[in-house]
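Visitor: Please show me the model, and then let us go through how its parts meet.

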Amino acid sequence: MDLIRPDHSLYDVLRRPALPQYDDIRPAAIARCSSTEDVIEALSYARSTDLSLTPRGGGHCFAGRSSTTGLMLDLSPLSTISVEPTGLATIGAGARLSSVYRGLHEYGLTIPAGCGPTVGIAGLTLGGGLGLLGRRYGLTCDRLVAATVVLADGNVVTCDAEREDDLFWALRGAGGGQFGVVTSLVFAAVPSPAATRFKLTWPRIHAAEVIAVWQSWAPDAPDDLTASLTVNADQVQVFGATLTAFDPGPLAALAPEIDLRADLTWPALKASLSEGEPDNRIIHSKSEFFRSPLPSDAVAQLLNAGCELNFTPMGGAYNRIPVDATAFAHRRERFLLEHAGPDRNAVRRSWSIAHAYASGAVYPNFPDPDLTDWPTAYHGPNYPRLRDLKVKYDPGNVFSFPQSLGGSR
Ligand SMILES: Cc1cc2nc3c(=O)[nH]c(=O)nc-3n(C[C@H](O)[C@H](O)[C@H](O)COP(=O)(O)OP(=O)(O)OC[C@H]3O[C@@H](n4cnc5c(N)ncnc54)[C@H](O)[C@@H]3O)c2cc1C
């Protein structure tokens with residue numbers, strides 16, 4: 001383990017999270033971990049110095065949960081990817097999504113996962129994992145078949161459907177940083193498809209009609225089509241990927257400007273969706289799941305609230321898994337609506353308008369510090385079992401933050 005203190009030249013590079021609003025939270029030290037043994041040593045160092053301990057993967061947590069004034073475990077050196085002939089892929093917990101897509105593609109494989117190229121595989125998987133192949137293959141955590149975890153007492157366990165099966169259940173969707181430090185993840189990979197990336201764009205003035213059509217179409221589209229919708233200050237755009245010929249369905253009648261790129265490899269398709277996206281901007285984010293469409297008067301109010309709206313379709317394979325099969329409880333939702341932007345008040349205003357129509361469920365990977373009944377929002381009926389497992393695996397509540405299963409210390 002390399003211990004990086006504030007006077008080290010790497011300290012400022014390593015401590016910075018993806019979201020600049022958490023830049024000022026400075027760790028007492030950073031433990032750079034290149035192996036499971038390094039993680040054990042870091043835990044022991046934290047215990048002996050009485051520092052709190054926080055793992056960091058890709059550093060993208062919307063609530064800043066991988067930033068700390070204690071000991072930050074930088075897992076980024078743990079990023080190797082290996083693939084067995086059976087298609088099982090073992091991925092180091094510090095790998096980022098763009099390298100996961102590129103690494104697996106060399107074997108003709110991929111996993112269903114998110115779009116942000118620098119999002120960390122561990123944080124994403126532990127809280128679920130929504131992405132463009134999700135309606136076809138489920139959440140990222142639905143493809144997880146095993147994980148290696150260093151527990152709070154320094155013991156290392158490998159969990160899967162047979163060994164430590166309740167820990168394996170909990171890791172699939174409860175959210176990161178709760179039960180131990182995951183050092184590697186094994187996935188049942190899927191074929192890396194060639195696919196078509198589409199972008200349908202309209203001037204913002206058409207947003208209300210596009211949202212109305214999208215709500216009754218995208219969540220019920222064939223599994224091979226994932227069409228997200230985003231509204232910003234200038235335009236409304238429906239974008240995504242399809243594994244078959246692109247059919248814009250009822251959106252065709254709204255005469256969009258269409259940009260299609262066919263036959264892209266999966267890593268190229270993913271990369272093309274984040275082209276031109278500004279890095280390092282302050283994003284406040286609040287979101288909720290919905291089981292029925294938003295009425296037109298609510299949509300009209302949302303469009304005046306002053307923040308970006310991001311709609312993600314659910315349905316498909318996400319919803320074919322029982323609520324209690326994994327810790328991720330949100331298996332009956334039609335779509336996720338995220339309100340995002342640099343102005344926190346606008347984000348809150350927008351969220352309250354939509355909240356009246358939401359299911360009350362919140363994606364654990366989009367944590368929201370404002371939530372009061374967060375156990376029900378994040379975990380639904382799976383919360384009591386998760387609480388019991390937290391006591392079993394981390395009785396001293398070593399892994400904690402506000403809204404964590406053991407409460408904040
Ligand atoms: C720009 C951007 C794009 C995004 N795109 C998507 C998307 O397409 N799909 C989607 O589903 N989500 C997306 N998200 C949300 C994302 O899934 C979460 O922010 C996720 O938690 C990020 O993981 P991370 O490792 O990058 O973050 P981190 O901040 O490093 O970690 C998040 C949490 O997990 C814990 N953690 C990290 N590594 C470990 C580990 N090895 N063991 C135990 N705990 C660990 C941390 O302590 C923290 O509590 C996006 C977020 C952003 C900011």
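Visitor: How much area do domain 1 and domain 3 bury between them?

Guide: This is a predicted model, in which local features need pLDDT of at least 70 and side-chain atom pairs count only at pLDDT 80 or more, while totals for chains, interfaces and linings use all residues. Residues are numbered from 1 along each chain as its sequence is written, and side-chain values use heavy atoms, with hydrogens and water left out. Buried area is the accessible area (1.4 Å probe) that two parts lose on being put together, summed over both. Carbon and sulfur atoms hold 65% of the area buried between domain 1 and domain 3, and the total is about 780 Å².

Visitor: Which residues of domain 1 lose the most area to domain 3?

Guide: Three residues together make up 66% of what the domain 1 side buries. They are Pro-20, Gln-21 and Phe-62.

Visitor: How many salt bridges does the rule find across the interface of domain 1 and domain 3?

Guide: A salt bridge is a side-chain nitrogen of Lys or Arg within 4 Å of a carboxyl oxygen of Asp or Glu. For the interface of domain 1 and domain 3, the count by this rule is zero.

Visitor: Which residues line the largest cavity?

Guide: A cavity is a set of points on a 1 Å grid over the protein atoms alone where a 1.4 Å probe fits but cannot get out, and lining residues have an atom within 4 Å of a point. The largest cavity holds about 40 Å³ of space. Its lining consists of Leu-126, Leu-171, Gly-175, Gly-176, Gly-177, Gln-178, Phe-179, Gly-180 and Val-182.

Definitions and conventions: On a 1 Å grid over the protein atoms alone, a cavity is a set of points where a 1.4 Å probe fits but cannot get out, and a pocket is an open set with protein on both sides within 12 Å along at least five of seven lines; lining residues have an atom within 4 Å of a point. Grid points are joined across faces, edges and corners, and a volume is the space filled by probe spheres set on the points.
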